[in-house]
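Here is a short briefing for a reader new to this structure. Please keep the sequence and the 3D view open while you read.

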Amino acid sequence: MKTTLIVVGRTVEPHFITAIADYTQRTRRYLSFDIEVIPELKNTKSLTAEVQKEKEGDLILKALQPGDVVVLLDEGGKEMRSMEFAEYMRQKMNTVNRRLVFIIGGPYGFAPKVYAAAHEKLSMSRMTFSHQMIRLIFVEQLYRAMTILNGTPYHHE
């Protein structure tokens, strides 16, 4: 199974870039993992939030492949503790044949057509974080899940 994180727009804060790259490399010791960046839209000031979500949705859907299991990182999704997320990943590693794709949308969330294409929704927290920060939080939690599953000393109960 290959795991992919799709994000809208590139990460611009240097400290997030460094930390995301670090956790991505660590995660790759355990799991095939990549981050795909969908270019952010240009001239968005003239677009409504709904139009922006629709245009981003088209780009997100174009990045998906047949057989992908799509999980939206969404405030309305299921919340999990780290141990539960590790078990979730274990189940996915045993059942997903191609790609497990997690998606972080743009600033206004997802278009209805992206919700329709998704198999599941997960919430990283009840709190709101910047899109830059949630990328780091997700890759750290993915790494943490892999260390839990492999019994390496990173996570402490």
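This model is predicted. Helix α3 meets helix α5 through Ser82, Met83, Phe85, Ala86, Met89, Arg90 and Met93. On the α5 side, the residues in this contact are Phe138, Gln141, Leu142, Arg144, Ala145, Met146, Ile148 and Leu149. By class, the residues of the contact of α3 with α5 are 11 nonpolar, 2 polar and 2 charged.

**Helix α3 against helix α5**

- Helix α3 covers residues 82-95.
- The axes of α3 and α5 come within 8 Å.
- They cross at roughly 75°. Angles of 65 to 115 degrees count as roughly perpendicular, and α3 and α5 are therefore roughly perpendicular to each other.

**Helix α1 against helix α5**

- Helix α1 spans residues 14-27, and helix α5 spans residues 131-150.
- The axes of α1 and α5 come within 9 Å and cross at roughly 20°.
- Angles under 35 degrees count as roughly parallel, so α1 and α5 are roughly parallel to each other.
- The crossing of α1 past α5 is left-handed.
- From α1, the contact takes in Phe16, Ala19, Ile20, Tyr23, Thr24, Arg26 and Thr27.
- From α5, it takes in Gln132, Met133, Arg135, Leu136, Val139, Glu140, Leu142, Tyr143 and Met146.
- The contact of α1 with α5 has 10 nonpolar, 3 polar and 3 charged residues.

**Salt bridges within helices**

- Which residue pairs with arginine 90 in a salt bridge? The partner is glutamate 87, with 3.1 Å from N to O.
- Arginine 90 and glutamate 87 are 3 residues apart in helix α3, so about one helical turn separates them.
- Arginine 90 has a relative accessible area of 38% and is partly exposed. Glutamate 87, at 33% relative accessibility, also counts as partly exposed.
- In helix α5, glutamate 140 and arginine 144 are 4 residues apart, about one turn of the helix.
- Glutamate 140 and arginine 144 form a salt bridge, with the closest N and O atoms 2.8 Å apart.
- Are glutamate 140 and arginine 144 buried or exposed? Both are buried.

**Salt bridges across the chain**

- The whole structure holds 12 salt bridges.
- One of them joins arginine 99 to aspartate 68, where the closest N and O atoms are 2.7 Å apart.
- Arginine 99 sits in strand β4 (residues 99-104), and aspartate 68 sits in the loop between α2 (49-63) and β3 (69-79), so the pair ties together parts that are 31 residues apart in sequence.
- Arginine 99 and aspartate 68 are buried.

- Threonine 4 belongs to strand β1, which runs over residues 2-8.
- How accessible is threonine 4, and what does that make it? Its relative accessibility is 0%, so threonine 4 counts as buried.
- Leaving out residues up to four places away in sequence, threonine 4 touches Phe33, Asp34, Glu36, Arg99, Leu100, Val101 and Phe102.
- Threonine 4 and phenylalanine 102 are 98 residues apart along the chain, yet their C-alpha atoms are separated by 6.2 Å.

Technical notes
Residues numbered from 1 in each chain as written. Predicted model: local features only at pLDDT ≥ 70, side-chain atom pairs only at ≥ 80, totals over all residues. Heavy atoms only, no water. Axes fitted to C-alpha atoms, helices over the stretch in contact; angles between N-to-C directions. Helix = DSSP H or I, 4+ residues; strand = E, 2+ residues; numbered from the N terminus. Parallel < 35°, antiparallel > 145°, perpendicular 65-115°, else oblique. Left-handed = near helix turned anticlockwise from the far one by under 90°. Contact = heavy atoms within 4.5 Å. Nonpolar A, V, L, I, M, F, W, Y, C, P; charged D, E, K, R; others polar. Buried < 20%, exposed > 50% of the residue type's maximum accessible area, 1.4 Å probe, protein only. Salt bridge = Lys/Arg side-chain N within 4 Å of Asp/Glu carboxyl O.
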